[in-house]
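Me: I am new to this structure. Please walk me through it in short questions and answers.

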Amino acid sequence: MLTGVLLLIITGLLWVTGAGVFRHAIAERLNVVFIAGFAALVCMICCLPVMAFLETPDFPWEAHLLVFVSLFISGGLAITALYILNKVRHYHEDAGLLHQVAHLAILGPFLMGIGIFHETLTPSRFVGILLIVAALILLGLKPREERNTSGRSGIRWAAKIIGIIACALSQCAFCMPSYLNGAEHVGSTFRTFYFCFGALVAVVLLVMRRPALLESRKCFLPSMLLAFILLLVCGFLVFNGLNRLADSASVAIAFPLIIGCSTAAAYVLRAVFLKAKTRPIQSAGFILAVTGLIAICL
C-alpha cells in the first residue's frame, strides 16, 4: 500500500501544473475544451507505438473490454464537466470554479469504494476524508469583496451541481478498472489511450454541436503541456498507484489523496514561492489538508 500512496502523492504534486494550465486558460479566456481535446489526441498518438510494440495486451479480453468501457466513459464525463463549467465562466469571472468542483467530487469514488466494494472505513479514514473536504472548502473560499454576486446565481449553482456529479462519476469510472478481476493485465498505456479516446470523442461530439469550439487561439502550448502531464501521470503513476491500493482494498482513498496533495502543494507554491498573500482561513485549510492526508493513509 505504501508504494501506491507514494505514487498518488506524486501524482497530486504534479497535477498542480495541470490545474495551473486550466486556471491560466480560463483566466485568459482560451478554449479549454479545444485544449483538452487536442491534448487527448496527442496522448493517443504517443500511446500507439507503445501499444503496438512494447505493451501488447494479455487475455482475458472480457476484462480488457470492461476496462475500455469504464475509462472511455470516464474521459467523456470529464469533458462534459469541463464544458459545463466552461459555459458558467462566461457569466461569472471565476477561474477557480473548475478546481473547486473537482475538489468536492472526491466524495464520489470514496463512497463508491466504501459502499459498493465494501472497502474498510476505518476511524482514521473517516476523520481523514472529513478533514480533507473541510480543507478544500476553506482553501476555496474567497473574501467577500472578491465574490461574484451578479445575476443568474441559479444557473451557477445548477451548473456546479451537475459539474460535481459529472466529475464524481468520471472519477468513479476512472477507479473502476482497479476493482475488476483480470484488469491488472491491461497496462497503463492502454488505459491512458482509452481514457483519452473517450475525452476526444466527447470533444468531437461537442464540436459537431458547436463549431465555435474549434477556436484554437493560443491553445497549442497549453495543450502540449497538458498532454505531457497526462502522459507522465497516467503512463507511470496513477494507474500503477491504483493497482497497488487495490491489493490492499484501499482504492477509495485514491482521489482524496491526489486532490488533497494537489491543493496543499498549490497553497505552498503560492505562499512560499510566489509570495502571494494568504489569509488565516487558507492557512487553517492547509493544516487541515495535511492532517487529513496523514489520517486517511493510516
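**Loops, core and cavity**

Me: Between which helices does the loop with Ala249 lie?
Reply: This model is predicted. Ala249 sits in a loop. The helices on its two sides are helix 9 and helix 10 (254-273).

Me: Is Ala249 buried, partly exposed or exposed?
Reply: The relative accessibility of Ala249 is 39%. Buried means under 20% and exposed means over 50%, with partly exposed in between. Ala249 therefore counts as partly exposed.

Me: What is the phi of Ala249?
Reply: Ala249 is not a glycine, yet its phi is positive. The value is about 55 degrees.

Me: Which loop holds Lys218, and is Lys218 buried or exposed?
Reply: Lys218 lies in the loop between helix 8 (188-209) and helix 9 (220-247). Lys218 also has a positive phi, near 55 degrees, and is a residue other than glycine. Its relative accessible area is 60%, and the cut-off for exposed is over 50%. So Lys218 is exposed.

Me: How many helices and strands are there in the protein?
Reply: Read along the sequence, the pattern is α-α-α-α-α-α-α-α-α-α-α. The count is 11 helices and zero strands.

Me: What share of the residues is buried?
Reply: The protein has 298 residues. Buried means under 20% relative accessible area. The buried share is 51%.

Me: Of the contacts with a separation of 6 or more, what share joins residues 24 or more positions apart?
Reply: Ile106 and Phe255 show such a contact: they touch, although 149 residues separate them in sequence. Their C-alpha atoms are 5.7 Å apart. Over the protein, residues 24 or more positions apart account for 88% of these contacts.

Me: Where does Ile106 lie, and is Ile106 buried or exposed?
Reply: Ile106 is in the loop between helix 4 (97-104) and helix 5 (107-115). Beyond its neighbours within four places in sequence, its contacts include Ile129, Leu136, Gln171 and Ile259.

Me: Which residues touch the most other members of the largest nonpolar core?
Reply: This core holds 72 residues. Those that touch the most other members are Ile79, Ile106, Phe174, Val238 and Leu242.

Me: What is the volume of the largest cavity?
Reply: The structure holds one cavity of 30 Å³ or more. Its volume is about 780 Å³.

Me: Which helix gives the largest share of the lining of the largest cavity?
Reply: The lining has 32 residues, and Trp15, Phe22, Ala78, Phe195 and Leu230 lie nearest the centre. It divides into 25 nonpolar, six polar and one charged. The largest share is six residues, from helix 3.

Key. Residues numbered from 1 in each chain as written. Predicted model: local features only at pLDDT ≥ 70, side-chain atom pairs only at ≥ 80, totals over all residues. Heavy atoms only, no water. Helix = DSSP H or I, 4+ residues; strand = E, 2+ residues; numbered from the N terminus. Contact = heavy atoms within 4.5 Å. Core = buried A, V, L, I, M, F, W, Y, C linked by side-chain atoms within 4.5 Å. Buried < 20%, exposed > 50% of the residue type's maximum accessible area, 1.4 Å probe, protein only. 1 Å grid on protein atoms, 1.4 Å probe; cavity = no way out; pocket = protein on both sides within 12 Å on 5 of 7 lines; lining within 4 Å. Points joined across faces, edges and corners; volume = space filled by probe spheres on them. Nonpolar A, V, L, I, M, F, W, Y, C, P; charged D, E, K, R; others polar.
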